[in-house]
Amino acid sequence: MTDYTVSRPEYYVQTGSMFENPHGVPHDEIIRMILENPPEVTAQTVFGKYVESSGLVFTGELIQQAIDRSLPRVLGNYWVADNAERDAREYYIANGDFWGPRYHTGIDFGRQTDFTVITTLDCWVMPARMVYYKRLNRVPWEAIYAEVGKVRTLFGENILCDSSGPAGDVIMDALGSRVYCPTHHRTLEVGQRCMRDGKFRTGCPNDYIPLSSADGYVFTNLSKKELVDNLRVVLSATYDAGDSTKDFGYVRVPPIVQLEEELSFYTWDDKRLMTDCLFSLALACWSGIEEATGNVYEGSVYGS
Ligand SMILES: [Zn+2]
């Protein structure tokens with residue numbers, strides 16, 4: 001077997017191997033990752049080695065700490081936490097039909113060829129937990145708006161979405177003027193009712209769900225950096241440099257393979273990278289996790 005643990009100490013900072021991980025990644029799982037992945041991935045995710053010269057933004061330690069490996073791996077494009085929809089509904093009713101600040105959704109809209117990703121966090125207690133994840137590839141805008149309506153119905157009105165550029169204006173205008181019918185999983189212009197073959201459909205709720213609560217986040221070089229930096233702060237919150245065995249971080253996610261890859265390979269120059277899952281999560285964190293405080297300092301769990 002190739003020895004991936006090449007000795008280049010001037011380029012690597014040891015931040016802890018997954019083999020030593022007290023959270024108990026199964027040994028055969030680690031071996032399988034080593035065998036199936038290229039060495040950069042192994043260095044990053046299995047051995048926790050941060051390749052300083054490559055400009056990776058999220059270290060293996062930050063990423064691994066955020067991933068709850070008691071949950072099954074998510075290889076597909078959809079995941080919802082056990083009982084999350086029922087819990088949210090019961091909470092909403094018990095809270096007097098008021099969502100409040102508990103759930104926060106981040107949406108990165110796909111443009112030409114990339115994906116639309118929707119991520120919802122339950123921020124009731126820290127660390128916040130991902131409860132909902134959906135990744136859509138090149139579907140019509142009508143279908144995407146309906147998915148916004150669905151997550152709005154399930155988890156409430158705290159929605160922050162990528163509203164950059166001319167397309168962002170169109171999206172925000174559309175969301176502002178639309179309502180969602182959960183029975184028929186479609187959106188309508190305000191004032192319309194669901195129809196088919198020239199007749200009103202039955203089963204619609206008395207009041208459709210408005211989508212106008214969605215807020216926009218405009219990506220500029222600066223605002224994007226702030227968003228990513230905030231995600232790093234969230235991932236590293238409560239990190240104790242004096243005790244590397246203590247859990248840290250204000251967010252936990254299931255082992256979504258796509259998300260883990262995007263985090264592992266993210267660099268500030270991201271033009272050629274897949275980033276949809278990462279930014280969806282970052283937007284949800286920006287919306288829902290405010291008290292994450294901490295200083296980014298070099299040479300620890302942080303990258304450059
Ligand atoms: Zn309807």
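My entries on what I looked up follow.

**Ground rules.** I am working with a predicted model, where local features need pLDDT of at least 70 and side-chain atom pairs count only at pLDDT 80 or more, while totals for chains, interfaces and linings use all residues. Residues are numbered from 1 along each chain as its sequence is written.

**Entry 1: strand β5.** I began with β5, residues 115-122. Strands here are DSSP runs of E with at least two residues, helices are runs of H or I with at least four, and both are numbered from the N terminus. I asked myself: is β5 buried or exposed? Eight of its eight residues are buried, so the strand is largely enclosed by the rest of the structure. For burial I counted 20 or more other C-beta atoms within 10 Å of a residue's own, with 12 or fewer meaning exposed and anything in between partly exposed; C-beta atoms are placed from the backbone.

I then checked the two faces. In a regular strand the side chains alternate between the two faces of the sheet. On one side of β5 I found F115, V117, T119 and L121, and on the other T116, I118, T120 and D122, all of them buried.

**Entry 2: the neighbours of β5.** Next I looked up the pairing, which requires at least two DSSP bridges between two strands. Strand β4 (residues 103-108) runs antiparallel to β5, and six bridges join them. I noted I107 with I118 in β5 as its bridge partner. The two strands form a hairpin, with six residues between β4 and β5.

Strand β6 (residues 128-137) also pairs with β5 in the antiparallel sense, over eight bridges. Here T116 has L136 of β6 as its bridge partner. This is a hairpin too, with five residues between β5 and β6.

**Entry 3: a cis bond.** Which peptide bond is cis? I found the one from M126 to P127, with omega near 0 degrees.

**Entry 4: positive phi.** D97 belongs to the loop between α4 (84-94) and β4. With 7 other C-beta atoms within 10 Å, D97 is exposed.

T238, also a residue other than glycine, has a positive phi near 65 degrees. I placed T238 in the loop between α7 (221-236) and β14 (251-252). T238 has 14 other C-beta atoms within 10 Å, so it counts as partly exposed.
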